[in-house]
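Okay, thanks for coming, everyone.

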Amino acid sequence: MKKDNLSIIGIVVGIVMLLYGMLGPGTSLMAFVDIKSFVIVIVGSFVALLVSFSMNEIKSVGSYMNVVLRDTNRDKIAFITQIINLSKKARKEGMLSLEAEIENMDDAFLKQGIKLIVDGVEEDAIVNILESEMENYEERMKRGVKFFKQWGAYAPAFGMIGTLIGLIQLLGNMEDINKLVSGMATALITTLYGAIAANLIMLPLADKISLNSGKVMDFIMLEYKAIRCIRSGYTPKMIQEILSTYLEESEKVKLEESIKANK
């Protein structure tokens with residue numbers, strides 16, 4: 001599966017832009033570095049997630065990031081051409097002939113569907129199994145979106161908590177100029193850290209998971225329809241007509257050309 005590094009590039013460019021904006025006459029980047037503020041915002045908001053989510057959901061962060069970094073654009077034309085060829089083979093040699101094709105399939109959902117057909121499973125049972133897989137995937141992705149959106153909500157809140165802590169320190173040390181400056185820094189920087197963490201990283205990641213999982217589900221729906229068509233014994237032409245409804249007009253022309261090239 002190809003990688004999509006655009007999200008990482010966007011975050012890096014965003015950080016560079018912010019660093020550039022922080023530079024100014026008489027201003028050092030170190031003025032924007034405060035370890036206490038970082039701990040309050042990042043560690044504090046993550047600890048809040050431990051309260052909100054189960055350990056299994058916390059451990060799933062890696063799988064959510066895999067969705068973010070994966071190129072979810074699939075070649076529908078090549079897929080439909082493959083399905084048409086499978087249907088021709090099934091009609092000519094029987095459903096059991098598809099067993100030899102399973103090992104060459106990279107997609108787990110398609111492989112599972114064809115295997116169920118080869119095993120002679122009833123169509124109603126195939127539908128129930130595949131629909132359960134689809135529902136489970138959707139639920140997992142919804143949890144991923146919720147996870148990062150919740151983190152994006154907690155981060156600014158902990159930024160505000162840090163600001164209040166800094167103001168309390170400031171008001172309690174009005175006579176000590178060094179502690180006064182330290183308290184002011186904590187008060188302002190925690191708010192900045194919370195806003196950056198939420199709006200540059202966490203909320204955009206939630207949106208990317210939602211976008212990519214939606215693309216994956218669109219393709220899975222195409223696969224689901226294709227598996228049902230093969231199981232029902234539809235003619236290759238009928239399968240082409242059904243599956244081409246998932247294509248743009250320009251893609252339908254390319255599909256016709258691909259099918260002709262494979263004859």
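**Surface, fold and a few contacts**

So, the chain exposes about 15,100 Å², and carbon and sulfur atoms supply 60% of that. Those areas come from the Shrake-Rupley method with a 1.4 Å probe, and for residues only the protein chains shown count as cover.

Quick housekeeping. This is a predicted model, so local features need pLDDT of at least 70 and side-chain atom pairs count only at pLDDT 80 or more, while totals for chains, interfaces and linings use all residues. Residues are numbered from 1 along each chain as its sequence is written, and side-chain values use heavy atoms, with hydrogens and water left out.

What's the secondary structure? You get 11 helices and zero strands, where helices (H or I, at least four residues) and strands (E, at least two) are DSSP runs numbered from the N terminus.

Now the overall form. The radius of gyration of the chain is 27 Å, whereas a compact globule of 263 residues would be near 18 Å; that's taken over C-alpha atoms, and the globule rule is 2.2 Å times the number of residues to the power 0.38. The C-alpha trace spans about 90 × 40 × 25 Å along its principal axes. Of the 263 residues, 37% are buried, and buried here means under 20% relative accessible area, with exposed over 50% and partly exposed in between (1.4 Å probe, protein chains only). If you take contacts (heavy atoms within 4.5 Å) with a separation of 6 or more, 76% of them are between residues 24 or more positions apart.

Next, the nonpolar patch. On the surface, M30, V33, I35, F38, V39, V43, F46, V47, L50 and M55 form a patch with about 920 Å² of accessible area together. Patch members have over 30% relative accessible area and no salt bridge; nonpolar side chains (Val, Leu, Ile, Met, Phe, Trp, Tyr) are joined within 5 Å, and like charges within 9 Å. Which element gives the largest share? Helix α2, residues 35–52, with seven residues. F46 sits in that helix, α2.

In the loop between α1 (6–22) and α2 you'll find L29, partly exposed at 33% relative accessible area. Leaving out residues up to four places away in sequence, L29 touches L19, M22 and L23.

R74 is in the loop between α4 (61–68) and α5, and D107 is in the loop between α6 and α7 (108–118), so the pair ties together parts 33 residues apart in sequence. D107 is buried or exposed? Buried, at 16%, while R74 is partly exposed at 34%.

Another one joins E101 and K89 at 2.8 Å, N to O. That pair links helix α6, where E101 is, to helix α5, where K89 is, 12 residues apart.

K89 turns up again with S97: not counting residues up to four places away, S97 touches K89 and A90. S97 is in the loop between α5 (76–93) and α6 (99–102), and is buried at 12% relative accessibility. A polar atom of the S97 side chain lies 2.5 Å from the backbone oxygen of G94.

Key:
Salt bridge = Lys/Arg side-chain N within 4 Å of Asp/Glu carboxyl O. Polar contact = N/O pair within 3.5 Å; in protein donor to acceptor, adjacent residues only side chain to side chain.
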